[in-house]
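Take the points in order, and look for each part on screen as it comes up.

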Amino acid sequence: MAESRKPILYSYFRSSCSWRVRIALALKNMDYEMITINLTKDGGQQFSEEFQALNPMKQVPALKIDGITIGQSLAIIEYLEETRPTPRLLPQDPKKRAHVRMISHLLASGIQPLQNLSVLKQVGQENQLTWAQQAISSGFNALEQILQSTAGTYCVGDEVSMADLCLAPQVANADRFKVDLTPYPTISRINKSLLALEAFQVSHPCRQPDTPPELRA
Ligand SMILES: N[C@@H](CCC(=O)N[C@@H](CS)C(=O)NCC(=O)O)C(=O)O
């Protein structure tokens, strides 16, 4: 018998990688359940045996869907794209598709992992801010240049793509780490357009079931 359960997303309100997937689920108008994993409470719920069994990387997001469990936000988004293709998050044109993947990986592999919680713990409290600012600025310098030739309204042309699902959450991290965004007018412009879209608003960290009251908006 076909799997009929709703997908279950393991998510943390502030996790930029979880936000990428929440946006994809919202854009594709999918109904799902959410189980929140608090990355800081009790030493981090991602380290519980139960969660490790689901995602041995001890990271959110993870998505239980169609009888399988998928970790890694870009793998999740690509699975959703292949199984629920509307609206499209990867352009049909192979060159545009390559640009979308290039920008997605720049953000998801070239920036976010360097300023992830586990890395910041290693860097030490007193160096965290400078470390994160340097990682984000260095990636944004490259991205701002790339966007000059790929961007329309959004990262690649005028349709929202997987690249945009990575961009807005990374700009939120940049804000959190007080990165000066003045040198990045294209990134800032695209981010503003994205934040005006309903799918980005409903999935925003300030509107999640586990968002603390003082961070709600
Ligand atoms: N490449 C992974 C990265 C996932 C990741 O770094 N998740 C962070 C939150 S955004 C996390 O769970 N961190 C927990 C920790 O560092 O202990 C993805 O794209 O899903």
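This is a predicted model: local features need pLDDT of at least 70, side-chain atom pairs count only at pLDDT 80 or more; totals for chains, interfaces and linings use all residues.

1. Let us begin with a definition: helices (H or I, at least four residues) and strands (E, at least two) are DSSP runs, numbered from the N terminus. With that in hand, look at residues 93–213, which are 64% helix and 0% strand. The end C-alpha atoms of this span lie 44 Å apart. UniProt lists these residues as "domain: GST C-terminal", in an unreviewed entry. UniProt positions are given in the numbering used here, feature names are shortened, and annotations may be inferred rather than shown by experiment.

2. Residues are numbered from 1 along each chain as its sequence is written.

3. Now turn to the other annotated span. UniProt places "domain: GST N-terminal" (again an unreviewed entry) at residues 5–88. Over residues 5–88 the chain is 35% helix and 19% strand, with end C-alpha atoms 24 Å apart.

4. How does the domain assignment divide the protein chain? It gives domain 1 (8–87) and domain 2 (94–200); such bounds come from an automatic or database domain assignment. The centres of domain 1 and domain 2, taken over C-alpha atoms, are separated by 20 Å. Their contact takes 12 residues from domain 1 and 14 residues from domain 2, where two residues are in contact if their C-beta atoms, placed from the backbone, lie within 7 Å.

5. Which elements give two or more residues to the side of domain 1 that touches domain 2? They are α1 (16–27) and α3 (73–83). The most comes from α1, with eight residues. By class, this side of domain 1 has nine nonpolar, two polar and one charged residues. Here Ala, Val, Leu, Ile, Met, Phe, Trp, Tyr, Cys and Pro count as nonpolar, Asp, Glu, Lys and Arg as charged, and the others, Gly among them, as polar.

6. Next, find helix α4 (residues 94–110) and helix α6 (residues 128–150), which pack at an angle of about 170° with their axes 11 Å apart. Axes are lines fitted to C-alpha atoms, for helices over the stretch in contact, and angles run from 0 to 180 degrees between N-to-C directions. The two helices, α4 and α6, are therefore roughly antiparallel to each other (angles over 145 degrees count as roughly antiparallel, under 35 as roughly parallel, 65 to 115 as roughly perpendicular and the rest as oblique). On the α4 side the meeting residues are H99, I103, L106 and G110, and on the α6 side G139, A142, L143, I146 and T150. This contact divides into five nonpolar, four polar and no charged residues.

7. Around the ligand there are 16 residues, of which S15, Q59, S73, L117 and S118 come nearest; a residue is near a molecule if its C-beta atom, placed from the backbone, lies within 6 Å of it. The elements giving two or more residues to this shell are α1, α3 and α5 (117–123). Each of domain 1 and domain 2 supplies at least three residues to the shell. Its classes are seven nonpolar, nine polar and no charged residues.

8. Finally, some backbone details. V60 and P61 are joined by a cis peptide bond, with omega about 5°, and P61 sits in the loop between α2 (49–54) and β3 (62–65). A cis peptide bond also joins T86 and P87, with omega about -10°.
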